[in-house]
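User: I have a model open and would like to talk through a few of its features. Could we start with the pockets?
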Amino acid sequence: MHKKFISLTAVLLVVLAVFSGCDVLTFNSAENLVRPPRLPGDDGALQSAFESAIADEGEYILRYPTSGEHRSAFVRYDCDGDKSDEAFVFYSLKSEEMSVNMYFLDYEDGKWIPRETTPGEGNDIHSVEFTDLNDDGISEILVGWSSLDSKSNKKLSVYCSGEDKSGMDFKMLVIESYTNMFTVDLDDDGEREILLAYINSTSDTYTTEARLLKMSSQGNDYQITAVGQVSLYSEMTAVNSISAGWSMGRKYVYIDEAAGDTYLTEILYWDNEKNSLSTAFPVDVLSVAGCPTSRSLPLNCEDVNKDGEIEIPVTKLMKNSSVIRKTLPADMSASEENIYIISWKKYNGGDYQTVDSYISNEDDGFRFRFDDELMADWSVMFYPDECITQFFMPSGTDNDNPENEIAEKETDLLFTIKAVPLTETVSVGTYLTSGKDYKYTCEITEVGENAGLTRSVIVSYFLPQGV
């Protein structure tokens, strides 16, 4: 009974992986299976057509993309807009497990028709993306291949169909090395381009760059070429995110990067006058430390105020402020316990417009808006063990040695915010507001009241998470 139960469980897990598209289970871990479980309905017919097509090649292992929207070994997508899917199957032959192949099948007259198999450019599939690069109504296929000898760098293959909608036959147009990929209509001509960020650490010289690829055609002859290239910061060690959006009437690409323990955003755009890809920062003369988007926290660009435009996060150390824990976690350094003012800025051709600023208490689940005029000389302490946050202002009196210019100033407590469980009863007089995980109380000192602070003033700055 025990062995039967284990066998049944394994089969059920395999079926779940096939349907969900998730890579929780791949056939790399089930090499003793002669064939995967039979898929139901039309998916079963697809599997049968595929297996018949490769029957003479021996046993196979299904391979799953590890990133992106499509996570199944059987990727179906209506590339030509005829309301009927095409299918792409990713697999390895058991005799060649280090090689990955892509099999294309078309659907005609109610049947799956095997077309051709194409060898991949790596040991695994990183991502599969469909996008119409030349606005002809037929989506190209962008496949990212990853290799065992590189965790970050990948190979991009772009496949297109030069046939009409009655018969599709995909061919590969280009192979490019990249670290991160993003598709965007950067020059605003109605056709999407491929932006590749690339960290080349395999050559003798460490190089970082961004390339913009565009598809063009002459008759039925299609090609993809680089239409722009710029250098990125040489100190950059990783790309965390790529996004695109409008800001002050111009479209930009925002590349969120890491440079050791520093984070930054590089801004790219299409220069219509020069007809080229351009960068907002002269990376040859401006260091990461001098970059206006440098920050100490791993934050990525986003539309923080939901106005349809992208904002860039920038951090500034809040003086005389800190997180005080009884025990520092083993994976956390003392520098991570600093408190930063996070400002979100909109870029406008060299200028920055701040749309929001706050300090964030992740332990207690809230943000507190930062007002430069009101809080310029404030300090704050987080006590996560007690779920307490306290705000202070200088008392105007130096401590022990008034002649010591570097001596810390004495401070007066303005108010205390405490996070308590949602089920806990609190005094009506101290209740501030409630969030997703906590309710919050606030006690204002006499000094705070004399400074004009009231419960309604504090509520106007207080932003509980999840609300």
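User: How much space lies in the second largest pocket?

Analyst: About 470 Å³ of space lies in the second largest pocket, and please keep in mind throughout that this is a predicted model.

User: Which residues lie nearest its centre?

Analyst: The second largest pocket has a lining of 20 residues, and those nearest its centre are Lys 319, Asn 320, Asp 377, Trp 378 and Ser 379.

User: And which element gives the most to that lining?

Analyst: Strand S18, residues 312-323, gives the most, with five residues in the lining of the second largest pocket. At least two residues each come from S18, helix H3 (372-375), strand S22 (379-383), strand S23 (388-398) and strand S24 (409-421).

User: Ok, switching to sheets. In what order do S14, S15, S16 and S17 sit?

Analyst: These four strands form an open sheet in the order S14-S15-S16-S17, with antiparallel pairing. Strand S14 (238-247) and strand S17 (276-279) each have a single partner strand, so they stand at the edges and one side of each is left without a neighbour in the sheet. If direction is ignored, neighbouring strands of this sheet are turned against each other by 25 degrees on average.

User: How many bridges pair S16 with S17?

Analyst: Strand S16, which covers residues 262-271, pairs with S17 over four bridges in the antiparallel sense. At the residue level, Leu 268 has Thr 279 in S17 as its bridge partner.

User: What about the sheet with S10 to S13, which strands are at its edges?

Analyst: That one is an open sheet of four strands as well, in the order S10-S11-S12-S13 and with antiparallel pairing. Its edge strands are S10 and strand S13 (221-231), each of which pairs on one side only. The twist from one strand to the next averages 25 degrees. Between S12 and S13, which run antiparallel, there are 10 bridges, and the bridge partner of Leu 213 in S13 is Ala 226.

User: Now the packing. Which residues touch the most other members of the largest nonpolar core?

Analyst: The largest nonpolar core has 31 residues, and the ones touching the most other members are Leu 195, Val 253, Ile 255, Leu 268 and Leu 277. Two or more residues of this core come from each of strand S11 (193-200), strand S12 (207-218), S14, strand S15 (250-259) and S16. As a general point, nonpolar side chains in soluble globular proteins tend to be buried together.

User: What does Ile 255 touch?

Analyst: Leaving out residues up to four places away in sequence, Ile 255 touches Leu 195, Ala 210, Leu 232, Val 239, Ser 241, Ile 242, Leu 264, Thr 265, Glu 266 and Leu 268. There is also a second, separate core of 25 residues, which includes Phe 370, Val 380, Cys 387 and Ile 458.

User: Last topic, backbone angles. What is phi of Asp 135, and where is that residue?

Analyst: Phi of Asp 135 is near 55 degrees, a positive value in a residue other than glycine. Asp 135 is placed in the loop between strand S6 (124-131) and strand S7 (140-147), and Asp 135 is exposed, because its relative accessible area of 56% is over the 50% cut-off.

User: And Asp 188, what is its phi?

Analyst: Asp 188 has a phi near 60 degrees, again a positive value in a residue other than glycine. Asp 188 lies in the loop between strand S10 (180-184) and S11, and with a relative accessibility of 49% Asp 188 counts as partly exposed.

Conventions: Residues numbered from 1 in each chain as written. Predicted model: local features only at pLDDT ≥ 70, side-chain atom pairs only at ≥ 80, totals over all residues. Heavy atoms only, no water. Pairing = 2+ DSSP bridges. Axes fitted to C-alpha atoms, helices over the stretch in contact; angles between N-to-C directions. Core = buried A, V, L, I, M, F, W, Y, C linked by side-chain atoms within 4.5 Å. Buried < 20%, exposed > 50% of the residue type's maximum accessible area, 1.4 Å probe, protein only. Contact = heavy atoms within 4.5 Å. 1 Å grid on protein atoms, 1.4 Å probe; cavity = no way out; pocket = protein on both sides within 12 Å on 5 of 7 lines; lining within 4 Å. Points joined across faces, edges and corners; volume = space filled by probe spheres on them.
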